[in-house]
Amino acid sequence: MAKFERIVILTGAGISAESGIDTFRDAGGLWERHRIEDVATPEGFARNPDLVFGFYDARRAALKSVEPNPAHRALARLEAEFPGELLLVTQNVDDLHERGGSRDVLHMHGELSSALCTACEMRSPLDVPLLDRPACPVCQAPTLRPDVVWFGEMPYRVERIYAALGECDLFVSIGTSGAVYPAAGFVQEALMNGARTLELNLEPSEGSRFFTESRHGRAGEIVPQWVDEVLGS
Ligand code: APR
């Protein structure tokens, strides 16, 4: 296996599917049961905040009954043992990367375990239902919302991600359909900068043609295999 020095990994809902968290666009996925316009846009939130609070409160509560899977743990091992630079970017708002042992996870779409205050714009840890209208722990205003990046909003730390894509020699995409930008464009950015690109997904994603190599299978199986190869053991 080629030796890499700087790796950027992007994960999506598919890496948490085997832990029992629904993906968005697969059969029976979240977007078949909920309207994006109602629960994942600022306009939907303005129209019916209780519907939105209920949606994210339920997803946060569900985290208590799921566990990280071998794919999450394999990436934590890679972080601990890889001698080069590694940036783990996730589109997921669950906490399974951290519970799987990863220490440095960039949540570009936010996190279920934190809230965002629309008055002081501070982010703070959240462990009570938003339906209870908890006050912002920083400014005390009753203006908390889910700390999730909705459609039409700018993801977190995009500059950091593009800087890493500009320098990496390997870009790996795991468990994402490649349907949502800017994340879906990262592979082209890495390719343009001369990196090898690897897709690890259950099936070909919308951006499959941009990957130097694609391996299709369940993340819980193909991610540990790939990590073994990179670490040479
Ligand atoms: N192992 C590997 N891949 C899997 C598995 C699995 N066990 N199960 C499903 N997949 C793949 C599917 O084939 C699909 O390509 O994971 C992908 C999941 O795609 P989506 O449901 O579209 O999720 P994602 O790509 O993370 O969505 C991106 O869209 O809805 C917004 O903000 C939300 O972050 C999300 C973004």
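Is Arg6 buried, exposed or partly exposed? At 28% relative accessibility, Arg6 counts as partly exposed; here buried means under 20% relative accessible area, exposed over 50%, and partly exposed in between, with a 1.4 Å probe and protein chains only.

A word on the basis of this report: the model is predicted, so local features need pLDDT of at least 70 and side-chain atom pairs count only at pLDDT 80 or more, while totals for chains, interfaces and linings use all residues. Residues are numbered from 1 along each chain as its sequence is written, and side-chain values use heavy atoms, with hydrogens and water left out.

## Salt bridges

The structure holds 17 salt bridges, each a side-chain nitrogen of Lys or Arg within 4 Å of a carboxyl oxygen of Asp or Glu.

| Arginine | Partner | Closest N and O atoms |
|---|---|---|
| Arg6 | Glu5 | 3.6 Å |
| Arg60 | Asp57 | 3.1 Å |
| Arg99 | Glu67 | 3.7 Å |

Let us take Arg60 and Asp57 together. They are three residues apart in helix 4 (residues 49-62), and therefore separated by about one helical turn. Helices (H or I, at least four residues) and strands (E, at least two) are DSSP runs, numbered from the N terminus. Arg60 is buried, with a relative accessible area of 10%, and Asp57 is buried as well, at 10%.

The salt bridge of Arg99 with Glu67 has another setting. Arg99 lies in helix 6 (residues 96-99) and Glu67 in the loop between helix 4 and helix 5 (70-81), so the pair ties together parts that are 32 residues apart in sequence. Arg99 is partly exposed at 33% relative accessibility, whereas Glu67 is exposed, with a relative accessible area of 53%.

Salt bridges also join into a network, which links Arg196, Glu213, Arg215 and Glu229.

## The cavity

How many cavities of 30 Å³ or more does a search of the whole structure find? The search finds one. On a 1 Å grid over the protein atoms alone, a cavity is a set of points where a 1.4 Å probe fits but cannot get out, and lining residues have an atom within 4 Å of a point. Grid points are joined across faces, edges and corners, and a volume is the space filled by probe spheres set on the points.

About 30 Å³ of space lies in the largest cavity. Its lining is made up of Ile9, Leu75, Glu79, Leu86, Leu88 and Ser102. Helix 5 and strand 2 (85-90) are the elements that give two or more residues to this lining. By class, the lining has four nonpolar, one polar and one charged residues; Ala, Val, Leu, Ile, Met, Phe, Trp, Tyr, Cys and Pro count as nonpolar, Asp, Glu, Lys and Arg as charged, and the others, Gly among them, as polar.

## Around the ligand

Which residues come nearest to the ligand? Of the 23 residues around the ligand, these are Glu18, Phe24, Arg25, Thr176 and Ser177, where near means that a heavy atom lies within 4 Å. A side-chain N or O atom of His109 is 2.9 Å from a ligand oxygen. Gly175 places a backbone N or O atom 3.4 Å from an oxygen atom of the ligand, and a polar backbone atom of Leu202 is 3.2 Å from a ligand nitrogen.

Notes:
On a 1 Å grid over the protein atoms alone, a cavity is a set of points where a 1.4 Å probe fits but cannot get out, and a pocket is an open set with protein on both sides within 12 Å along at least five of seven lines; lining residues have an atom within 4 Å of a point. A polar contact is a pair of N or O atoms within 3.5 Å; within protein, one must be able to donate a hydrogen and the other to accept it, and residues adjacent in sequence count only if both atoms are side-chain atoms.
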